[in-house]
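Colleague: I am new to this structure and would like to learn how to read it. Could we go through some features one at a time?

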Amino acid sequence: MNSPKWGDRRVVDWQAVQVFLTITSTAPAATDLGFLLHKHPGRVQTFEVSVGQAHVFYPEATARRCTAALLVEVDPVALVRGKGSGGPDGFSLAQYVNDRPYAASSMLAVALGRVFRTAMAGRCDARPELPGQRLPLEVRVPALPCVGGAEVARRVFEPLGWSVEAAAVPLDPQVPHWGPSRYLDVRLTGRVRLAEALNHLYVLLPVLDNTKHYWVTTDEVDKLVRAGAGWLQEHPERDLILRRYLAHRRTLVGTAVGRLAEVDDAEPQTLDNAVPDGDADEVPQRSLSLAEQRRGAVLAALRAAGATRVVDLGCGEGALLRALAADPVFTELVGVDVSARALQVAARRLRLEQMSDRQRERIRLIQSSLTYRDTRIAGFDAVVLMEVVEHVDPPRLGALERTVFTHARPGTVVVTTPNVEYNVRYPDLPAGRMRHRDHRFEWTRGQFRSWTEGVAAERGYAVRHLPVGVDDPDLGPPTQMAVFTRQDATGDTR
């Protein structure tokens, strides 16, 4: 007997095929699902994805019931080659013999994002009235690895309006005494918009698997905030979702907390419990230093502002520049410092000499004073003063203000500085001593707010204040941050 071909829907016994995922609509005119997915029910379509090929086909397509199936064929050899041989499984047979080609995972989420990108965005140019409709949908994932079992699957999907049926898949149906595997056969039913359903799956499939097949970077925060828009902020299992989706990387979780606060117009401290200690599935890690939290908060503010061209004024040895350079969203970076030695160290730490010409073009290091007008820093999206203003003599602050807010005049200015009230929490810091010997002053929260609000009013900016670090109910946070947003559309050369 000849093997069935993908293009021949008459001979494909789709119930016997271990497809990764099916989506079924039972709405009137159910085949409208094809318009929403931008995939014709009468054709099999194949797409190249990073792990192999993804196939979309319709096992059934009638006016009363329409099912779209997504099958991902993983190329395990190509997948391993793409990883290189330096990982923990280098030269291991486990790289080639594993469950990834057969179980729903981050690979399936990647395929969803690649194949149904327009549908996830809620667009349907041919039938623009369809994306806003809530449809009776059924989603089936027959082999879903789930750390925590069916209970966790219910905890993440049910608050989103899904009814969840989850049955453990036996290790071997022929040998029942072996018991269940770690895989679930999951069926979700609900009345939701298709774009919402796809975004739920995109985020939550790798969350349940609790692993990703690729290295997690700051790009994942963008994807998470975009796919979680409108539902993740208020989800009762938000903390679990953040940690698992971002591979338990606390720096990224901290960034996501700030981004979600921006999207939801909330104070970040209301979301700070996204990184608690002692959760059963938490990967043990050291606590983030205040410097790391500060960089994460600045990155979150820049991303929320949509800045891509950034000046780090008073860049020192380049700690923030390294974090910015690691994120491809920032297309042009300028580090400015008065110290030639600091710039030399920054160049070495950034490994500028080892960069390709294209990478090197993104970054410039400039020796310049913070208090003198410099046309080389004008016209950028954002200027950052991270732990800088306290190093300036108070009589020179007016010159700094003119340099940044009048001459450079970016769309966004981010300023962080120590909160002197919090100093009593440092047992090794003598009373009355500032945190660094080069600090010219350290402000209270009231002094900082007075300065920032005065600058904003005089220079044509709006300002908001955000805490960095643990926000002590009596003393405030260890670092205080102000984010200025320019109110006019054109520069001012007063």
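Modeller: Start with C124, which counts as buried at 4% relative accessibility. Buried means under 20% relative accessible area, exposed over 50%, and partly exposed in between, with a 1.4 Å probe and protein chains only. This is a predicted model, in which local features need pLDDT of at least 70 and side-chain atom pairs count only at pLDDT 80 or more, while totals for chains, interfaces and linings use all residues. Residues are numbered from 1 along each chain as its sequence is written, and side-chain values use heavy atoms, with hydrogens and water left out.

Colleague: Is C66 buried or exposed? And how many disulfides does a search of the whole structure find?

Modeller: C66 is buried, at 0% relative accessibility. The search finds 0 disulfides, a disulfide being a pair of cysteine sulfur atoms within 2.5 Å.

Colleague: Which residue is the bridge partner of C66?

Modeller: Strands of a sheet pair through backbone hydrogen bonds, either parallel or antiparallel. Here C66, in β4, is the bridge partner of S25. Strands β1 (residues 21-25) and β4 (residues 66-74) pair in the antiparallel sense over 5 bridges; two strands pair if DSSP finds at least two bridges between them. Helices (H or I, at least four residues) and strands (E, at least two) are DSSP runs, numbered from the N terminus.

Colleague: What is the strand order of the open sheet with antiparallel pairing?

Modeller: Its 7 strands have the order β2-β3-β4-β1-β5-β7-β6. At the edges are β2 (45-49) and β6 (163-170), each pairing on one side only.

Colleague: And what is the order in the open sheet with mixed pairing?

Modeller: That one also has 7 strands, in the order β10-β9-β8-β11-β12-β14-β13. Its edge strands β10 and β13 (461-468) each have a single partner strand, so one side of each is left without a neighbour in the sheet. Within it, 7 bridges join β12 (residues 412-418) to β14 (residues 479-486), and these two run antiparallel. One of the bridge pairs is V413 with F484 in β14. Helix α12 packs on this sheet, touching β9 and β10, and its direction makes about 165° with that of β10. Axes are lines fitted to C-alpha atoms, for helices over the stretch in contact, and angles run from 0 to 180 degrees between N-to-C directions.

Colleague: Which residues of α12 are buried?

Modeller: An α-helix has 3.6 residues a turn, so residues three or four places apart point the same way. In α12 (residues 340-350), the buried ones are A342, L343, V345, A346 and L350. Down the axis of α12 they fall within an arc of 160°, so they line one face of the helix; the arc is that of the directions from the helix axis to the C-beta atoms. R341, Q344 and R348 are exposed on the other side. The buried residues pack against α11 (319-325), β9 (332-337) and β10 (363-367), where contact means heavy atoms within 4.5 Å.

Colleague: Where does T371 lie, and which side chains make polar contacts with that of T371?

Modeller: T371 is in the loop between β10 and β11 (382-386), and is buried at 14% relative accessibility. A polar contact is a pair of N or O atoms within 3.5 Å; within protein, one must be able to donate a hydrogen and the other to accept it, and residues adjacent in sequence count only if both atoms are side-chain atoms. The side chain of T371 makes such contacts with the side chains of S369, at 3.1 Å, and R396, at 3.1 Å.
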